[in-house]
Amino acid sequence: MRFQKFSGLSETEAKKKLDTYGYNEIKDTGRASPFKILFRQIKHNFIVYFLLAAMVLSFFVGKSITAYVILVVILAVIITGFVQEYKAEKAIEKLKKMVMSVSIVIRDGEEKEISTKGVVPGDILVLRTGEKIPADCVVLSEKNLLVNEAVLTGEADEVRKSPVDDVNTPEKENTLYAGSFIVDGKCLAQVTHTGMNTKFGKIASLISSSQKALPLQKKVNKISKYMALIGITMAILTGVAVLFQSTLTPELFVELLILTIAIAVSAFPEGFPVVLITTLSVGAHKMAKKNAIVNRMSIIETLGETTIICSDKTGTITKGEMTVKEIYANGKSIDVSGVGYIGEGDFVHKGKRFNPQGDENLKLLLKTAVLCNDARIKRTGEDMVFKVVGSPTEAALLVMASKAEVFQEDFNPRIDEIPFSSETKMMSVMVEEGNQKMIYSKGALEILLDKCTSVQKGSKIIRLTKKEKNKILKQKAKMASNSLRTLGLAYRKAKSSKIEEMEKDLIFLGLVGIEDPPREGIRGAISSCKKAGIKIKMITGDDKKTALSIAKQIDLEYGKVLEGTEIDELTDNELSKIVNQVTIFARVRPEHKLRIVRALKERGEIVTMTGDGVNDAPALKEAHIGVAMGKNGTDVSRSVADLTLKDDNFVTMVDAIKEGRTIFNNIRKFVSYQLSCNTSELMILFIGVLLVPFFGWPIPLLLALQILFMNIVTDNLPAITLGLNHSSEDIMREKPRRKAPILNKHLFMLLIASGAIMALFVLVTFYFAFNVLGQAADNARTTALLTLICLEIAGAFNFRSFRKPALTRSPFVNPFLAVASALSVIATILIIYTPLNQVFQTVPLTLVDWVIGAGFGLLLMLIFDIFKRINNNTKRFDFYH
């Protein structure tokens with residue numbers, strides 16, 4: 001390959017083309033600017049609007065301290081939401097390393113290193129082994145050029161490329177595509193398309209429109225609107241009740257406004273967005289520790305609703321790394337354990353492990369595998385984990401040999417070779433060993449056997465008979481039926497140094513079966529999905545036979561198999577009718593994947609789509625949850641995905657679904673808990689007004705600032721910790737929720753009952769303090785406030801589990817809740833016994849008051865424990881579906 005025969009563009013020409021075609025980059029349409037995120041936080045947060053109204057009313061009636069506190073709460077809600085979402089938006093950008101940042105081009109007759117963004121049509125690229133291709137181009141000249149196009153086709157096999165005859169009319173075998181990479185050889189290539197005009201970019205453009213709806217945000221907004229409606233209704237009813245009792249005067253009007261503020265504050269869990277975002281943020285952090293990076297936190301609970309996983313085979317269910325699984329040598333079949341590019345595994349014959357160093361035949365085969373090989377493996381720093389340079393197929397041979405501690409460095413370098421070509425389908429090398437020259441060969445079995453006259457049997461060499469040949473071919477067919485690719489290996493002593501004599505009279509050593517194996521742990525993950533009621537559909541560009549073979553290996557129960565050509569013949573309506581019956585989709589193109597996902601959504605399924613290549617990106621965006629690969633995934637697929645798997649492991653995705661289910665259960669717990677607290681506050685204020693004529697109580701029973709304190713501190717802190725509950729043991733044995741609301745009717749009944757009991761206990765407390773003990777209004781109000789705080793803390797322990805009791809379990813099952821409860825008590829002490837009591841209009845209490853509050857809290861826990869025990873036996877109430 002002579003570089004000097006191409007002068008390339010001049011710098012002036014390149015600059016003009018850059019002005020014409022723009023930068024060579026794939027535009028990311030999925031990211032939002034900080035201003036958009038902030039606007040979204042304000043626009044879609046219904047609680048903010050209601051709190052703003054309460055703040056304005058507070059200023060109007062002269063309650064400036066209350067108004068300023070509400071303002072601080074509003075800012076905290078908006079800022080917290082913005083920071084968390086902005087961090088989530090930024091996290092995924094760190095994974096954007098798909099296209100190499102610099103490229104070597106020939107300009108003005110010289111090789112120059114430039115930013116990949118600056119590559120323009122007409123540039124001549126110098127590409128070598130291991131480099132990613134930055135633009136679509138045609139091959140001008142090459143040597144042993146092999147390309148991996150898995151990011152575009154989904155196929156792990158390398159593709160051989162050849163020089164073009166006419167640059168204006170290139171064929172597929174002459175074309176290199178952006179995003180693919182060189183696995184072997186080198187070439188000069190002329191750029192034809194850059195950026196969004198490449199094949200890589202055109203697929204990216206399919207995903208540039210329509211934003212996903214966020215189901216969790218809709219559910220939260222729905223609850224917020226209901227609470228607003230309840231708050232307004234309660235305010236009107238309370239106002240009417242007051243007016244029926246008294247004549248409207250300016251003083252009464254001010255009292256009504258103050259009461260309205262109190263009701264507005266009590267109707268809304270002000271810290272609800274903060275608790276929600278904190279729960280999701282902590283969940284995202286947990287998932288990141290398990291190698292699952294969340295792109296948009298709002299999708300975490302949707303992940304837990306998944307009913308169907310559409311998974312790409314290559315690189316997701318399989319490792320995307322070729323692995324030798326079987327060796328046939330000396331008339332026996334040997335299994336090789338281990339997966340991918342990790343040099344750990346055993347050689348097993350008839351169920352027994354053995355040392356390959358004690359088998360002369362196998363030692364020769366391993367030696368041939370590493371000597372007749374153009375790939376290289378390098379240690380990554382982790383023990384026996386290798387980084388591959390070169391062909392994945394040849395790398396598989398090197399990793400196989402490393403499991404027997406046989407390495408290329410152990411032998412002399414080759415002195416001559418016949419490189420592999422698509423015509424000969426063989427490769428041979430000559431190596432000098434002492435005074436003897438040796439030939440080592442590998443290639444397609446049928447072709448290699450034709451070059452062999454003998455076969456190695458242990459330490460003996462015998463004639464290769466037709467019977468022996470048929471036996472070998474039969475073994476090859478057996479391997480092929482298991483979707484193993486086969487390579488034959490042979491050797492001999494060199495009789496001369498003539499290259500044309502190298503591949504004659506070879507001695508057959510054996511053959512190896514190579515596959516792109518399933519990931520370890522995949523069977524367990526699929527079994528877990530089955531128990532959880534989640535169906536798995538394999539969607540692949542591979543053929544039907546290969547897909548079925550993998551399905552059998554991973555214990556994937558398959559029904560109907562549908563190929564891309566068959567999908568083409570179906571209308572969208574016809575596809576929708578049969579899509580649930582199909583488990584495996586083979587030979588599919590990007591547009592097929594889109595249609596499959598849409599058909600499943602049409603059937604009411606919650607679809608999670610996993611994939612690693614550009615061809616998966618449109619379907620990733622269309623699915624409810626798009627899951628991309630962090631190691632081998634493309635820039636485009638990661639930019640649209642909701643979740644990125646750092647280890648590219650299907651098992652990690654299933655773990656993420658489990659975490660999603662846990663988080664949704666926790667959301668239900670803290671939402672039910674917080675709304676039960678708000679319900680009790682509304683009932684206390686409303687019923688308190690109704691009882692004023694009978695008991696002479698002050699209006700309102702609890703002040704707006706006191707309610708705000710409880711909402712932000714004494715129920716927010718426990719609520720946050722409810723979001724940190726561990727998952728239940730049977731979380732993956734429950735059926736999917738299928739777009740279940742946060743609050744089902746049974747949960748709604750539970751929170752109303754809890755709120756009513758709490759309100760009853762507080763009203764009884766106020767009556768006892770004010771009417772029986774004859775305490776002043778401020779004193780009775782403080783006692784009622786303390787009682788409600790104790791009840792809210794007890795309620796948090798009740799909502800820790802919908803099935804397990806609170807009184808008989810350790811308070812440290814959730815240690816965070818125990819700490820939050822202690823902090824709530826400390827905060828309560830501060831507003832009662834320090835100068836802060838002037839702000840919150842409280843007074844110091846006696847031990848009797850504390851006993852009343854704590855006693856009612858324990859009573860509430862006892863009532864709930866009795867209810868749980870009864871419900872566990874009767875199963876009348878279902879709080880999970």
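# Briefing: strands, buried residues and a pocket

Strand 19 (residues 452–457) and strand 20 (residues 460–463) are antiparallel partners, joined by four bridges. They belong to a predicted model of a protein with 881 residues, of which 56% are buried. The secondary structure consists of 30 helices and 28 strands. The points below are grouped by topic.

**The protein as a whole**

**The hairpin of strands 19 and 20**

- Two residues lie between strand 19 and strand 20, and the two strands form a hairpin.
- Gly 458 sits in the turn of this hairpin and has a positive phi of about 65°.
- Lys 457 has Lys 460, in strand 20, opposite it.

**Strand 10 and its two partners**

- Strand 10 (residues 323–329) has seven residues, and six of them are buried, so the strand is largely enclosed by the rest of the structure.
- One partner of strand 10 is strand 22, with which it pairs in the antiparallel sense over six bridges. In this pairing, Val 324 has Ile 514 of strand 22 as its bridge partner.
- Another partner is strand 11 (residues 332–336), which also runs antiparallel to strand 10, with four bridges between them. Here Tyr 328 is bridged to Ser 333 in strand 11.
- Strand 10 and strand 11 form a hairpin with two residues between the strands, and Asn 330 in this hairpin takes a positive phi near 55°.

**Strand 7 and its two partners**

- Strand 7 (residues 181–193) pairs with strand 3 (residues 124–128) in the antiparallel sense over five bridges.
- Strand 7 also pairs with strand 4 (residues 136–148), again in the antiparallel sense, over ten bridges.
- Gln 190 of strand 7 takes part in both pairings: Gln 190 is the bridge partner of Ile 124 and also the bridge partner of Val 138.
- As a general point, side chains in a regular strand alternate between the two faces of the sheet.

- Asp 505 is a residue other than glycine with a positive phi, near 55°. Asp 505 lies in the loop between strand 21 (485–493) and strand 22 (506–515).
- Asp 505 counts as partly exposed because its relative accessibility is 39%.
- Lys 875 is likewise a residue other than glycine with a positive phi, near 55°. Lys 875 belongs to the segment after helix 30 (847–874).
- Lys 875 counts as exposed because its relative accessibility is 63%.

- Thr 608 is part of strand 26 (residues 607–611). Its relative accessibility is 0%, so Thr 608 counts as buried.
- Which residues does Thr 608 touch, not counting those up to four places away in sequence? They are Leu 303, Thr 306, Ile 308, Ile 309, Cys 310, Ile 625, Val 627 and Met 653.
- Thr 608 and Ile 536 are 72 residues apart along the chain, and their C-alpha atoms are separated by 9.6 Å.
- Leu 682 is part of helix 23 (residues 650–695). With 6% relative accessibility, Leu 682 counts as buried, because the cut-off for that class is under 20%.
- Leu 682 and Ile 230 are 452 residues apart along the chain, while their C-alpha atoms are separated by 9.1 Å.

**The second largest pocket**

- Rolling a probe the size of a water molecule over the atoms shows where empty space is left.
- The second largest pocket holds about 1200 Å³ of space. It is lined by 41 residues, and those closest to its centre are Asp 157, Glu 158, Met 322, Thr 393 and Arg 485.
- How do the lining residues of the second largest pocket divide into nonpolar, polar and charged? The lining has 13 nonpolar, ten polar and 18 charged residues.
- Helix 17 (residues 544–553) supplies the largest share of this lining, with four residues.

Methods: Residues numbered from 1 in each chain as written. Predicted model: local features only at pLDDT ≥ 70, side-chain atom pairs only at ≥ 80, totals over all residues. Heavy atoms only, no water. 1 Å grid on protein atoms, 1.4 Å probe; cavity = no way out; pocket = protein on both sides within 12 Å on 5 of 7 lines; lining within 4 Å. Points joined across faces, edges and corners; volume = space filled by probe spheres on them. Nonpolar A, V, L, I, M, F, W, Y, C, P; charged D, E, K, R; others polar. Pairing = 2+ DSSP bridges. Buried < 20%, exposed > 50% of the residue type's maximum accessible area, 1.4 Å probe, protein only. Contact = heavy atoms within 4.5 Å.
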